[in-house]
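Please keep the sequence and the structure in view while reading.

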Amino acid sequence: MGLADEYLYSPDVLLDLNLDNSSAKFNPKVSMLNPGEGLKVRPLAKEDYERGFLQLLGELTSVGDISREAWEARFDDLKACKNTYYITVIEDTLLKKVIGAATLVVEKKFIHACGRVGRVEDVVVSNEYRGKQLGKLAVGILQPLAKKLGCYKVTLNCTDAMMAYYTGLGYVAEKENANFLCLRL
Ligand code: 16G
């Protein structure tokens, strides 16, 4: 992380988040300031183009060929949507590489008295770093973040294979309300 990094959202938002307020339970304990030896949790930065963020996303799904120009344009677009996109990354500070990421999208509603719903998206941890509670950290942090941002619930969709993982982090297939449908375009 460089001094001049341009963040997608203010890093201050993350400072006072308490992982004890997450349904994900950590053993050994981790905190925002001590997420693990040589690791840092922070907002996505424009400079993460060079730090392997897109390659990391490639471990989740198809990313395609994204030029620096296209990256910057999309980054600026996301940033211009105030209080909406909270792409949060875990950096290996020694290697200066993004090795984990998770996105919280805050959707504004009329229902629930002009409420907000948090959507957890694009969760991924580099293959080499699995088994270190980093997925748990990336997803876990979004819960107090969503709460702080005024969301009344957080939702996610995942593959069948990942169901046990996310239910282990406190997410629930709600009775009679657990269908996620998709129309590919
Ligand atoms: C996973 C992701 C979802 C992402 C999708 C991409 C989580 C919790 N879920 O389901 O956010 O959009 O994969 O799949 O990270 P696609 O390439 O088939 O659209």
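## Nonpolar core

Which residues have the most contacts inside the largest nonpolar core? They are Leu-44, Phe-53, Ile-90, Leu-104, Leu-134, Leu-137 and Leu-145, in a core of 48 residues. A nonpolar core is a set of buried Ala, Val, Leu, Ile, Met, Phe, Trp, Tyr and Cys residues joined through side-chain atoms within 4.5 Å; buried means under 20% relative accessible area, with a 1.4 Å probe and protein chains only. Helix 5 gives the largest share of this core, 8 residues.

Leaving aside neighbours within four places in sequence, Leu-44 is in contact (heavy atoms within 4.5 Å) with residues including Tyr-7, Phe-53, Trp-71 and Val-89.

## Basis of the model

The model is predicted: local features need pLDDT of at least 70, side-chain atom pairs count only at pLDDT 80 or more, and totals for chains, interfaces and linings use all residues. Residues are numbered from 1 along each chain as its sequence is written, and side-chain values use heavy atoms, with hydrogens and water left out.

## Helix 5

Helix 5 covers residues 134-148; helices are DSSP runs (H or I, at least four residues) numbered from the N terminus. Of its 15 residues, 11 are buried, among them Leu-134, Leu-137, Ile-141 and Leu-145. Just after helix 5, Gly-150 takes a positive phi of about 90 degrees.

Terms used
Helices (H or I, at least four residues) and strands (E, at least two) are DSSP runs, numbered from the N terminus. The expected span of a helix is 1.5 Å times one less than its number of residues. Buried means under 20% relative accessible area, exposed over 50%, partly exposed in between (1.4 Å probe, protein chains only).
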